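The sequence and the structure come before the discussion.

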Amino acid sequence: GDEDGHSLRKASRAMPTRRVCVVGAGPSGLVTAKLLAERDYELVVYESGNQVGGTFANKTYEDGRLVSSKYLTPFSDLRMDDLPPGNNHPTVDAYLAYLRSYCTEFKLWPLLRLDHTVDKIVALGGDGDGYDVTVRSNSAAGGARTERFDAVAVCSGLHNVPREPSIPGAETFGGEIFHSSTYRKKAQLAGKRVVVVGTGETAMDIVFHAVQVAKEVTLSIRRGFLSVPAEGWGGVPLDTIITNAFEHSHEHPFVQRHRLKWKVTTVVIRLMFLLSTGTSQGYNQWVGNAAPIKRGYHILNKSVAAMPYLNRPVKRKSWIRHLFGARFTPWLEASVPGIDAGAKPPVERLSPGRVHFTDGTAVEADTLVLATGYRQEFPFLSHAQLAKAAEGGKIARERCVGGPDAAPATEGKQLLRGPSPDINSGGLGDCASGAKSACAWTEEAQLPAEHFITDPARRSLAYIGFVRPNVGAIPPMSE
């Protein structure tokens, strides 16, 4: 509230100016810079790309659109009211324009150092002793230099280092294998036999593109997903429907402990899905069913355009297609012409021109798209250096980085890591769908224990923008 903000500003004026390094000029880095600048901190924002926006600028693709609405995505002090009526979910280009206007509105441009990569951050001692930050200019004539800061805000984002699992037989495949982070246009898939691995929103967008131009399309599904549209009846955004008084009213501890509200609403929502689409597994979802299906258990997949093409081979075999088909429910059908898409279990191995699955089947393919998510890594942070600098080794709870110098255990707590890159030991994990597989979490950096933002032993190092809501958007949570 205003009183809290006044107290913070008063406190900031009373303390000496501190110099802060912000890593990344995506939405989280920009709002961090804005709020710190307002509180009289001296700061520099380093961004490896040539424009603001982070993932939205560097890893987007044709027809990209946000699944969070213009009501919940923007920051509190600059709204997105200039979008055309009915355009509730901004395109990536529109959102990048919004971020540029945010920089202009709050005079952030002088703080930004675009085309500058942070190579290394070294702690100089305990908390409060500062950091040496080595930065490299990406220009041809640029070199590396080291600057000193009192504090560091890591805003490098969730989608920074692609997770590329190793697949037996990949060297014999003979076709193209690429991660979804390099996907840009549907022309890349034209005339191809495409297999997409993963069930996140990017995977579903790529399947939707592929059915329009490819020769064959198959989706490889590991543990399933929960399909829910980004918009409800009348085009009302899902995230605004959920942010209502009932959802956010006080819950009695008994109700909260037993999650009664979610259990009751799960039944209601599944019944609505069944009556409106013929299946209760998800909205118009006849394949890729997740288990168990209950609210609050899965990250929702709000990219639903590919579902009609995945559903068609299954619905043709069911009598219920007569009730939930083009005649009675045309809104559930394909929005543009396209071929059917097949659904298969996880990939087991590759052979020349073929992709083999764990159920013993195989398909001919010449393009394999790994929509397998991203590794949570901070390659510019050395766990060994920070652990040595922290009193009592408590920095291990920060779990700054995996790899060869990561401490295996501290204070009786094992250092957790992320999914194995080996496809046959769970390496495809479920990171594309947001779920953690219990089978093979290794070699991935974890976030600090306190709200995934900081560690009590080192409050001068903060991680901003790594908390993802089930429904909503990361940027306002970072704010």
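## Cysteines

How many disulfides does the count come to by the rule used here? The count is zero, where a disulfide is a pair of cysteine sulfur atoms within 2.5 Å. This is a predicted model, in which local features need pLDDT of at least 70 and side-chain atom pairs count only at pLDDT 80 or more, while totals for chains, interfaces and linings use all residues. Residues are numbered from 1 along each chain as its sequence is written, and side-chain values use heavy atoms, with hydrogens and water left out.

For Cys155, the closest cysteine sulfur belongs to Cys21 and lies 9.3 Å away, which is too far for a bond. Cys155 is buried, at 6% relative accessibility. Cys103 is also buried, with a relative accessible area of 0%. The classes are buried under 20% relative accessible area, exposed over 50%, and partly exposed in between (1.4 Å probe, protein chains only).

## Salt bridges between strands

The model has 18 salt bridges, each defined as a side-chain nitrogen of Lys or Arg within 4 Å of a carboxyl oxygen of Asp or Glu. One of them pairs Asp132 with Arg148, with 2.9 Å between the closest N and O atoms. This pair links distant parts of the chain: Asp132 belongs to strand 5 (residues 131-137) and Arg148 to strand 6 (residues 144-149), 16 residues apart. Arg148 counts as exposed, at 54% relative accessibility. Helices (H or I, at least four residues) and strands (E, at least two) are DSSP runs, numbered from the N terminus.

Arg193 and Glu216 also meet through their side chains in a salt bridge, at 3.5 Å from N to O. Here too, distant parts of the chain are linked, with Arg193 in strand 10 (residues 193-197) and Glu216 in strand 11 (residues 216-220), 23 residues apart. Arg193 is partly exposed at 21% relative accessibility, and Glu216 is partly exposed at 35%. Elsewhere, salt bridges that share partners join Arg19, Glu42, Arg145 and Glu147 into one network.

## A pair within the network

Glu147 and Arg145 form a salt bridge whose closest N and O atoms are 2.9 Å apart. Glu147 is buried, with a relative accessible area of 18%, whereas Arg145 is partly exposed at 34%.

## His179

His179 lies in strand 9 (residues 176-179). Is His179 buried or exposed? His179 counts as buried, with 2% relative accessibility.

Two polar contacts involve the side chain of His179. The side chain of His179 reaches the backbone oxygen of Arg163 at 3.4 Å, and one of its polar atoms is 3.0 Å from the backbone nitrogen of Ser181. A polar contact is a pair of N or O atoms within 3.5 Å; within protein, one must be able to donate a hydrogen and the other to accept it, and residues adjacent in sequence count only if both atoms are side-chain atoms.

Neighbours within four places in sequence aside, His179 is in contact (heavy atoms within 4.5 Å) with Pro162, Arg163, Glu164, Leu370, Thr372, Gly373 and Tyr374.

## Nonpolar surface patch

Val264, Val268 and Met272 make a nonpolar surface patch of about 280 Å². Patches are made of residues with over 30% relative accessible area and no salt bridge; like charges are joined within 9 Å, and nonpolar side chains (Val, Leu, Ile, Met, Phe, Trp, Tyr) within 5 Å. Accessible areas come from the Shrake-Rupley method with a 1.4 Å probe; for residues, only the protein chains shown count as cover.

Val268 is partly exposed, with a relative accessible area of 45%.
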